[in-house]
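I opened this notebook to record what I looked up in one structure. The entries follow the order in which I consulted it.

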Amino acid sequence: MKILIQNGLVVNADGSAKSDVLIEGGSIKAVETSITPPEGCRIIDAEGLLVIPGGIDPHTHLEMPVGDIRTADGFEDGGKAALSGGTTMVIDFVNPLRGQSYLEAYGQWMERAKKATCNYSFHVTVTWFNEEAAKEIALLAKEHGVNSFKHFTTYRDTIMLEQGKMIESFNFIAKLGCLCTVHAENDEIITYLQKKLLREGLTHPKGHALSRPPVAEAEATNRAIALAEVAEAPIYIVHLSSGGALNAVRAAQRRGQEVYAESLCGHLVLDDSVYFDNPREKAARYVMSPPYRSPEHLDALWKGVADEAIQVIGSDNCTFTQANRNRGLHDFTKIPNGSPGIEDRMRILWDRGVRSKRISAEQFVAATSTNAARIFNIYPQKGAVKPGSDADIVLWNPEKEHHVSSTTHRHAIDYSVFEGFTFTGSPEITILNGEVVFEKDELNVAAGAGKFVPRPPRW
Ligand code: URP
Ligand code: ZN
Ligand code: ZN
């Protein structure tokens, strides 16, 4: 299929210009001021629209098993939600059980992702580390297109890695040319506070926020950065949600350490009143880690996005139904953690970022696509509207209003944490691998249309 996009404003992270864009065979053939339409091509008039690289959401959990339940959005419907919001690629997480073969777990996730409707790639979580683990991690990096590995400083019963192992893992992974990412919250603080609150009879979901205070995140972020410095490893902090953690990142960046930060669209718009001002059932919908924070932290995050101490905005899409949430209505520690966001991530950043004059359109593109492509080493194949790049493109209407409702969203859950919000700025058309898959608010994409995107080591 050949497509010529005419009259749009092409916005890349490094600048914008009015240009035509010619797509052929799944990639971008030309970006020039005036392109003569080749025979048999579809012409799309993009007057008044921005032509931007398809969003890359570097943090999703699609169809992720957690004990006896799994996240509701799978690779098929989750991918559709992504495409309708302008995201054409996700980097999801393979979470091996402790001691499980890394290659086996990777195979399980690849199997589930066969139905993907958007492009995808995988981070792998390091849940155990020894010589045997190292061999498998090296194979994932060298032969399976995985160049980033997540480490948890919390969830002691399941996926936390203790500090000594974390330094070893950081050093080994950095030597492979891969990137270590970290979920940073102090497990001792959380465990202590959880027990204390429950002992005192506080079982309401607000206990989740009270047991995971900003100081727990700031300490663990600082510690992860210190471990990375000793291990001589670049590091990427996932879902950074608070001012203190951001200060630790800023200090390291000023010292010249290679530290990246990702924040989530949800943490930019929701505050902790969702826990304190709601009855149990509703408050339980917002349980995710780190929790939504008080308003001063939202201000700190926005400053970080604007001055680029935070490079990437992800969603951490990790959806559980109300029935799943209800498991913990009378014990907040039993509520499965996670929030949606894959569908509204780009709208949130446009509406609250660009329209609110906090960031430029180029910064929007950088934070929703290009920076993830660069950091995870798939640029300029992804993350750019440039000749030679893959034709994952969004025609973004900066004035289109989108009203969020669980009755119309494409998530497979029965509520929305953004219920009632109106975001201005939304896709008119989404192009995936050179094909129009979303147009006139309708999706036209087959299960399996999403392609696996291997990511080579960074050096
Ligand atoms: O609460 C969250 N964020 N759940 C998903 C797993 C994770 O830690 O990213
Ligand atoms: Zn996490
Ligand atoms: Zn996550």
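**Entry 1: strand pairing**

I looked up L432 and found that its bridge partner in β18 is E435. Strands here are DSSP runs (E, at least two residues; helices are H or I, at least four), numbered from the N terminus, and two strands pair if DSSP finds at least two bridges between them. Strand β17 (residues 422–432) and strand β18 (residues 435–439) run antiparallel and are joined by four bridges. I noted that they form a hairpin with two residues between them, and that N433 in the turn has a positive phi of about 50 degrees.

I then followed β18 onward: two bridges join it to strand β19 (residues 442–443), again antiparallel. F438 has L443 in β19 as its bridge partner. In this hairpin, too, two residues lie between the strands, and K440 in the turn has a positive phi of about 50 degrees.

**Entry 2: the zinc site**

Which residues coordinate the zinc ion (ligand 2)? I recorded K150 (NZ), H183 (ND1) and H239 (NE2), at 2.1 to 2.3 Å. Donors are N, O and S atoms within 2.8 Å of the metal (3.2 Å for Na, K and Ca); water is not among the atoms, so sites may look incomplete. H183 lies in strand β12 (residues 179–183) and H239 in the loop between β13 (235–237) and α8 (243–255), 56 residues apart. The zinc ion (ligand 2) and the zinc ion (ligand 3) are separated by 3.9 Å.

**Entry 3: conventions**

I worked from a predicted model, in which local features need pLDDT of at least 70 and side-chain atom pairs count only at pLDDT 80 or more, while totals for chains, interfaces and linings use all residues. Residues are numbered from 1 along each chain as its sequence is written, chains are lettered from A and ligands numbered from 1 in the order in which they are written, and side-chain values use heavy atoms, with hydrogens and water left out.
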